[in-house]
Amino acid sequence: MIDVIIIGAGPAGVVAALRAADLGARTALVTRDAFGGMAANDGPVPVRALAHAARLMREARQLGQYGIAVSEPLLDYPRLLARVREVVHDVRASSTWREQIDLLGVSVHEHAGIANFVDPRTIETATGLRLQAEKLILCTGGISRRLDVPGFEFTNTHSDAWSLTSVPPSMLVIGGGATGAQVASVFNAFGSRVQLFHRGPRILPTEDVDISATVASAFRSAGIVVQENFGEIESFEKTPSGVRMNYCQDGDRTSAEASLAVVAVGWQANTAGLNLTAAGVETDARGFVRVDPYLRTSTPHIFAAGDVTGRLLLVPPAIQDGYVAATNAVRGATMTLDEAVNPIGSFTDPEYAQVGLTESQARAAHDVVASTIHFDATTRTIIDGRTFGFCKLIVDRATHKILGCHVVGERAVEITQVAAIAITAGMRVDELARVPLSFPTYAGILGRVAASVTRQLNRQDFWQTN
């Protein structure tokens, strides 16, 4: 019998397979589709490729400022999609994870179809593969949440948007979270007339308030119609030119039309077809698999990791989950999750990113000092003509430890990675201010804002050149 079966070959599943095999377990990795899961095939990898194309178009329009004469860039969307497929293929082909998994002797079953439990130790896939194991780890990820309204079948998901064969003239994007914002930003750059609808008071509701407001303002300036607190959707209906969304706001019924409607209103566990009941695996009220601190499900020999648990719907935490789940599956319940720092960012235009607490969260639990440096006051951003944005640092007044960092603007995601390292290392803000970051760099803004906070704390004056 196999020691460990991992169902799902996204980041959580791949790392779980690696860890289990490293520990000497006879391991099988079963995936419905291709190796890499949503992250490589339908998520961050293809999305980042499309966002890079949007960035190149924006940068091409800036060339004239630097004395380089070119014609207006034109998008060949079929060629771009071909490039996205090339990128996805190359990422899978060059994955060191796949090479390591093969070297460790993991049995990989790709394109096996949906797996379902026959009993608590046996699974069977749509292709007829039947496997038994002492331990199992569920890493099946998540899928887009559906809306229970008439006409929902006339809408599309973000996955459908990435696989379009042409750029739609107009688009409704319903949901102003990270996924909806990315869809809106990318297709606006490609020439679609985009309307972004968000039910709550602000788009990007999990971000710092200043980030949300700044991104919303930038979207509007770029031509995206941003409608927050838009009301309740009553139905969708097909029209000769696309789709109509009917909605009600404060008792007034109205509608919006476009060639395409993309619904991005959240994420739910991808457990359909698993037959969890046969395995005795319970789910929570939201439909995610319930786990304890060791990532054990209600059936002790079955573990779960990644998006299917609903914990943190991001690739890095999924990787951590996979490692912990596999360790405990092989060695017994010895390791709990370390609620580590998790930087979050999105490749919209403008980029935004965060790590740690938002300012409101920090002020609710700490006496804090916060400082903001704007991109129009730093050297590298001025050189590159990318002066829109800011970096905010939030620090505990008593300990001088960094509680949070929030960035909007060029290279925001990369800047925040540096802040994440500083927070993880437990650095005081004055220690960060003393790091001689290279000049002129985008990351240098962290030194500037750290020095600003340090001066407010009256510890020492620091002169920063970035």
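The structure, a predicted model, holds 31 salt bridges.

Within helix H3 (residues 44-60), Arg 55 and Glu 59 lie four residues apart, about one turn of the helix. Their side chains form a salt bridge in which the closest N and O atoms are 4.0 Å apart. Arg 55 counts as buried, because its relative accessibility of 13% falls under the 20% cut-off. Glu 59, by contrast, is partly exposed, with a relative accessible area of 30%.

A salt bridge also links Arg 121 and Glu 134, with an N to O distance of 3.9 Å. Arg 121 is located in the loop between strand S4 (115-119) and strand S5 (122-125), whereas Glu 134 belongs to strand S6 (residues 130-138), so the pair ties together parts that are 13 residues apart in sequence. Both partners are partly exposed: the relative accessible area is 32% for Arg 121 and 39% for Glu 134.

In the pair formed by Glu 234 and Arg 253, the closest N and O atoms of the salt bridge are 3.0 Å apart. Because Glu 234 lies in strand S11 and Arg 253 in strand S13 (residues 252-258), this contact ties together parts that are 19 residues apart in sequence. Glu 234 is partly exposed at 30% relative accessible area, while Arg 253 is exposed at 64%. Elsewhere, salt bridges that share partners join Arg 55, Arg 58, Glu 59, Asp 349, Glu 351 and Glu 410 into one network.

Asp 349, a member of this network, is also joined to Pro 350 by a cis peptide bond, with omega about 10 degrees. Pro 350 occupies the loop between strand S17 (344-346) and strand S18 (352-356). Another cis peptide bond, with omega about -10 degrees, connects Phe 439 and Pro 440. Here the proline, Pro 440, is found in the loop between helix H14 (429-433) and helix H15 (444-456).

Most peptide bonds are trans, and most residues other than glycine have a negative phi. A positive phi, near 50 degrees, occurs at Asn 229, in the loop between strand S10 (225-228) and strand S11 (232-239). Asn 229 is partly exposed, with a relative accessible area of 41%. Arg 411 likewise has a positive phi, near 60 degrees; this residue is placed in the loop between strand S21 (402-409) and helix H13 (412-424). The relative accessible area of Arg 411 is 33%, so this residue is partly exposed.

Technical notes: Residues are numbered from 1 along each chain as its sequence is written. This is a predicted model: local features need pLDDT of at least 70, side-chain atom pairs count only at pLDDT 80 or more; totals for chains, interfaces and linings use all residues. Side-chain values use heavy atoms; hydrogens and water are left out. Helices (H or I, at least four residues) and strands (E, at least two) are DSSP runs, numbered from the N terminus. Buried means under 20% relative accessible area, exposed over 50%, partly exposed in between (1.4 Å probe, protein chains only).
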